[in-house]
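Me: I am new to this structure and would like a friendly tour. Could you take my questions one by one?

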Amino acid sequence: MSVLAPNSHIVWRELNQRDILVQQSSSVYLFRSGVFGIGYYKKEEWKKIGRRNLRVKAFWPESRPAAVEMEPIKDCDQLDQILLHAKEISQPILIDWMANWCRKCIYLKPKLEKLGAEYDTKIKFYCVDVNNVPQALVKRGNISKMPTIQVWKDGEMKEEVIGGHKAWLVIDEVRAMIQKFV
């Protein structure tokens, strides 16, 4: 079985290449410094290189984060402030109630952070480690099983998913839940 991968030398060269424009008298030169030394091109050749680079860059996606780290909630006062701010800007929040000893919670957290990158401006993601917070906060969330993912809007809990099954199914359920409130 073979694996197809880009040539690492070409990728490294493209990432580490520097372009310098120099104008001398009536000619414009493009100096390219990279892995294989310095080369220079006249203006006509430079236009061809510029077009080639534009075609290559057209395939790269816009710069977006791949994952957004979930902000931890430590106590009831912090939860109140978060809910008040979310109510003011009319934005829902997602809270992942988890434990640091729970294997499914640990496995689900990076997947939720990737999902958070998809909805970066529409919904804010938070996490609560139920072992490191006061029990009053856990009771306020009405948590009985973990991981529990809840969507809160207008200061109250609207819907929840209890994630005791496969992570991809939980992520699909969470995505559907977010779509209802975004």
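Below are some questions with their answers.

Me: How many helices and strands does the protein have, and in what pattern do they follow each other?
Reply: Happy to start there, with the note that this is a predicted model. The secondary structure comprises six helices and eight strands. Read along the sequence, these follow the pattern α-β-β-β-α-β-α-β-α-β-α-β-β-α.

Me: What is the mean pLDDT of the protein?
Reply: The pLDDT is the predictor's confidence in each residue, from 0 to 100. In this protein, 65% of the residues reach 70 or more. The mean pLDDT is 79.

Me: What share of the residues counts as buried?
Reply: A residue counts as buried when its relative accessible area is under 20%. The accessible surface of the protein comes to about 12,600 Å², and 54% of that belongs to carbon and sulfur atoms. Of the 182 residues, the share that counts as buried is 32%.

Me: At what angle do helix H4 and helix H6 pack?
Reply: Two packed helices are described by the angle between their axes and the distance between the axes. Here H4 covers residues 103-118 and H6 covers residues 167-181, with the axes 10 Å apart. H4 passes H6 in a right-handed crossing. The packing angle is about 35°.

Me: How many nonpolar residues are in the contact of H4 with H6?
Reply: From H4 come Tyr107, Leu108, Lys111, Leu112, Leu115 and Glu118, which meet Ala167, Val170, Ile171, Val174, Arg175 and Ile178 in H6. By class, this contact has no polar residues and three charged ones, and its nonpolar residues number nine.

Me: Is Lys104 buried, partly exposed or exposed?
Reply: Lys104 is found in helix H4. Its relative accessible area is 43%.

Me: What distance separates the C-alpha atoms of Lys104 and Gly164?
Reply: Beyond residues up to four places away in sequence, Lys104 touches Pro147, Gly163, Gly164 and His165. Lys104 and Gly164 are 60 residues apart along the chain. Their C-alpha atoms are separated by 7.2 Å.

How values were computed
Residues are numbered from 1 along each chain as its sequence is written. This is a predicted model: local features need pLDDT of at least 70, side-chain atom pairs count only at pLDDT 80 or more; totals for chains, interfaces and linings use all residues. Side-chain values use heavy atoms; hydrogens and water are left out. Helices (H or I, at least four residues) and strands (E, at least two) are DSSP runs, numbered from the N terminus. Buried means under 20% relative accessible area, exposed over 50%, partly exposed in between (1.4 Å probe, protein chains only). Accessible areas come from the Shrake-Rupley method with a 1.4 Å probe; for residues, only the protein chains shown count as cover. Axes are lines fitted to C-alpha atoms, for helices over the stretch in contact, and angles run from 0 to 180 degrees between N-to-C directions. A crossing is left-handed if the near helix is turned anticlockwise from the far one by less than a right angle, and right-handed if clockwise. Contact means heavy atoms within 4.5 Å. Ala, Val, Leu, Ile, Met, Phe, Trp, Tyr, Cys and Pro count as nonpolar, Asp, Glu, Lys and Arg as charged, and the others, Gly among them, as polar.
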